[in-house]
Amino acid sequence: MAKAQQKETVTEEDKNKQIYNMVDDLVKKSHVALDKMANFSQEQVDKICEAIAIAGERSAYPLAKMAVEETGRGVVEDKTTKNMFASENIWNSLRHEKTVGVIKEDKEQGLTKIAEPVGVIAGVTPVTNPTSTVVFKSMIALKTRNTIIFGFHPQAQKCCVKTAEIIREAAIKAGAPENCIQWIEKPSMEATNDLMANPGVQTILATGGPGMVKAAYSSGKPALGVGPGNGPSYIEKTANIARAVYDIVLSKTFDNGMVCASENSVVVDDEIYDQVKEEFKKWNCYFLNPAEIKKFETHFIDPRRGTVAGPVAGRSALKIAKLCGVNVPADTKVIIAEYKGVGKKYPLSAEKLSPVFTLYRAKNHEDGFRICTNLLNYGGRGHTAGIHTSDDDLVRKFANSMSACRILVNTPAALGGIGDLYNNMTPSLTLGTGSYGANSMSHNISAMDLLNIKTVAKRRDNMQWIKVPTKTYFEHNAANYLRHMPNVNRFFIVTDEGVAEQGFADEITDIISKRRGTKEYEVFKAVSLNPTTDIVKDGVHRMNIFKPDVIIAIGGGSVMDAAKAMRLFYENPDMSFEDAYQKFLDIRKRVVRFPTSNDVQLVCIPTTSGTGSEVSPVAIIKDTETGIKHTLCDYALIPDVSIVDDQFVEKLPKRLIAWSGFEALGHAIESYVSTMATDFTRGWSIEAIQTIFNNLKASYDGDLDARKRMHDAATIAGMAYSNAFLGLEHSIAHTVGSTFDIPSGVSDAIALPQVIRFNAKRPKKLAMWPHYSVYRAESDYAHIARSLGLTGADDHELVEKLVQKIIDLAHSVGIRLAFKEYGIDKNKFNAKVNSLAVEAYGDQNTVTNPLAPLVEQIVQLMKDCYEGKGINKK
């Protein structure tokens with residue numbers, strides 16, 4: 001006797017341990033099945049799922065009948081439809097889905113998507129849709145090579161077990177491993193919680209009450225759960241009333257309103273309210289009187305939870321009326337309570353899960369939206385909202401206003417929400433409510449939500465480009481092109497006082513004057529050496545008055561840069577200067593978008609041989625307020641026509657020949673080693689480098705043929721850097737030069753040897769860019785040296801010989817290679833060097849330097865430039 005009593009006594013701790021061990025055993029078996037399916041092909045998986053679909057469809061009616069008998073809820077015929085939907089419609093939507101191995105391959109992008117199972121799934125099912133949910137979740141699990149363990153609702157255990165047995169048998173016969181579908185034999189909240197918390201379970205598919213869904217999300221696992229669906233439906237005054245009422249009655253009577261997407265409240269415009277009410281009465285809908293509403297509220301709503309009472313959900317209208325102490329006709333389809341408020345003081349405004357809804361009268365659209373919003377906020381956020389209307393604009397407004405993931409238009413909500421039948425949404429029996437309803441998904445859950453998608457991303461180089469002016473004219477007297485330039489007659493000529501005094505602007509106006517037909521011109525000659533934002537604004541103002549169709553910039557880089565900026569802001573008055581100099585990593589992906597085309601043409605005619613601005617997408621403009629030079633860079637700035645006419649450089653002063661020559665040399669060398677350099681641009685760079693070394697000194701000494709060659713070389717270098725961009729030498733030259741009024745070419749000459757030596761050392765911080773697969777700056781500089789006929793034992797020696805050749809050339813044309821040689825006070829320089837280094841780091845040219853510099857390294861480079869470190873005195 002004592003032994004018997006001891007045997008019968010089970011402590012709470014022992015009970016919990018037994019439950020845990022039982023669940024853990026299921027999980028271990030599930031993992032064995034999971035491993036077996038890991039190498040299944042798509043064909044094997046699809047064969048298994050089709051077998052499940054066939055078995056579910058064949059058993060649709062007996063399983064539905066069993067569910068109604070066990071739960072006492074719903075309609076057998078409607079549950080049969082649900083079972084068939086879970087088998088037929090779901091499988092049809094999945095039939096051609098790729099869920100095994102490579103599911104997508106984009107050769108152009110170099111991306112491959114590979115599908116892998118998430119693992120063992122815990123499936124929690126509701127009492128409202130028990131058997132159909134088992135079919136649905138089993139199918140999407142096995143379609144994705146996952147295994148599933150169910151925790152059935154205790155009130156629907158028998159029908160769910162029977163369903164699982166039928167489809168598991170069919171799956172195994174089709175080749176699925178044993179234990180691919182399992183379930184907890186003795187259901188309890190403790191067992192289901194243990195299942196969700198088991199470390200061997202990877203994902204949870206939870207459909208059920210708020211408590212169960214909350215537990216799923218609290219498990220620490222990825223959980224696909226759904227929330228309550230207190231969805232409203234708005235019948236707007238333009239609706240097809242007969243169809244709207246028919247749809248709502250159909251929806252509310254389908255399986256006695258247990259689909260969570262079904263209408264819980266109906267909001268009707270005042271103009272049609274009485275007509276809608278009469279239409280509902282024609283369909284045997286019963287309207288509660290005020291006294292009946294009070295009595296109904298007491299019994300229909302669980303006062304503790306504030307939602308529909310357990311015995312009520314899923315019952316027929318007649319049975320619900322009896323449970324609530326109200327007498328209704330035996331043929332009553334739906335019970336309706338006319339209501340005015342939403343919230344706890346209005347109990348029937350909550351989710352109902354039955355053929356019962358509340359009816360609201362709306363004064364207008366705004367009032368209708370307000371009522372629907374309040375209903376969603378009272379336990380239905382994120383789920384479903386319906387509208388019946390013929391006004392498409394109102395549909396958009398409704399969709400934008402409602403916090404619901406499914407906006408159903410002119411549709412019975414119960415059947416529309418699950419997808420496929422009345423619309424093209426993904427068919428599903430698990431409807432996500434998004435962040436509105438504290439869900440992780442905002443769509444109808446399907447097989448694709450049960451996959452881990454691996455992305456194989458192959459290294460690829462960005463598609464590159466070559467962009468230059470549409471037309472480039474060169475040779476002596478090429479400016480005569482302007483006499484015949486088509487489709488223009490209003491010429492706005494941009495220049496500076498110095499160029500104008502040489503008579504070059506007059507030469508242009510003389511050519512224009514010889515054109516046939518109408519022609520007008522205006523000369524703007526206010527550009528300074530370092531054009532400022534104020535000068536650009538002045539030019540834009542003059543252009544707004546003159547209304548040109550072509551701008552002709554004749555002068556040095558400053559003039560051409562100013563003209564580019566003037567056109568940009570003339571045609572795009574809403575663009576700010578700050579927008580225009582916004583830095584970017586890839587010009588095609590920049591945040592600030594420039595215009596893709598220009599109505600006003602731009603012609604650039606250089607009168608110096610160095611900037612390359614006549615072919616470049618770059619303009620350097622100084623901010624009047626801050627004094628900082630900014631680099632504007634975009635292909636919208638490229639001139640339409642470039643005229644490289646050596647007549648304008650024949651009398652160039654020697655100092656400008658030297659300065660502009662080194663500006664061109666900086667462009668050529670930096671574009672060659674840039675991270676954006678390509679085989680196309682390097683040819684231009686090398687040609688320019690060789691031409692400059694062979695002709696700069698001769699041009700400086702007065703050789704006009706050499707001067708012509710230098711003029712061409714500057715444009716060629718401009719084409720190279722327009723497409724490959726530049727580097728740190730120009731970032732330093734821009735910042736220091738503009739701060740201390742050092743001419744551009746001089747700053748370039750001073751910085752070039754220091755930056756070459758810096759870039760030619762193994763970098764502390766590696767440069768990042770798709771076209772720079774490995775560090776190569778030292779060998780690039782060595783290649784330049786070899787192209788100039790230099791020899792050396794190794795690349796390091798060749799680089800130093802290149803540096804010495806640059807130093808010798810600079811000295812030969814009178815350029816001193818230290819900032820201190822140009823009257824810059826050392827204390828003032830040191831006081832500013834840190835801020836200058838930050839400014840240089842932010843310069844657009846730094847992005848494509850072959851070595852990624854640190855700010856502290858730029859500081860040291862600037863100091864080396866100041867002192868002329870390693871420069872042999874001439």
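User: Which residues does S262 touch, not counting residues up to four places away in sequence?

Analyst: In this predicted model, S262 touches G229, G231, S251, K252, G257, A413 and A414 once residues up to four places away in sequence are set aside. The residue itself sits in the loop between helix 10 (241-253) and strand 9 (263-269).

User: Why is S262 called buried?

Analyst: The relative accessibility of S262 is 2%, and buried means under 20% relative accessible area, so S262 counts as buried.

User: What makes H96 exposed rather than buried?

Analyst: H96 has a relative accessible area of 71%, and the word exposed is used over 50%; H96 is therefore called exposed. H96 is placed in the loop between helix 5 (76-94) and strand 1 (101-106), and its C-alpha lies 9.9 Å from that of Q42, although 54 residues separate H96 and Q42 in sequence.

User: How do you know that strand 6 pairs with strand 3?

Analyst: Two strands pair if at least two bridges are found between them, and strand 3 (residues 120-124) and strand 6 have four bridges, in the parallel sense. As one of the details of this pairing, L205 in strand 6 is the bridge partner of G123.

User: What joins strand 6 to strand 7, and in which sense do they run?

Analyst: Three bridges join strand 6 to strand 7 (residues 223-225), and the two run parallel; with at least two bridges required for a pair, these strands count as paired. Here I204 stands opposite A223 of strand 7.

User: Which way do the residues of strand 6 point, and are they buried or exposed?

Analyst: In strand 6 (residues 203-206), T203 and L205 point one way while I204 and A206 point the other, and all of them are buried.

User: How does the radius of gyration of the protein chain stand against that of a compact globule?

Analyst: The protein chain has a radius of gyration of 40 Å, whereas a compact globule of 874 residues would have one near 29 Å. Along its principal axes, the C-alpha trace spans about 120 × 75 × 50 Å.

User: What share of the contacts joins residues at least 24 apart?

Analyst: Among contacts between residues at least 6 apart in sequence, 76% join residues at least 24 apart.

Notes. Residues numbered from 1 in each chain as written. Predicted model: local features only at pLDDT ≥ 70, side-chain atom pairs only at ≥ 80, totals over all residues. Heavy atoms only, no water. Rg over C-alpha atoms; globule rule 2.2 N^0.38 Å. Contact = heavy atoms within 4.5 Å. Buried < 20%, exposed > 50% of the residue type's maximum accessible area, 1.4 Å probe, protein only.
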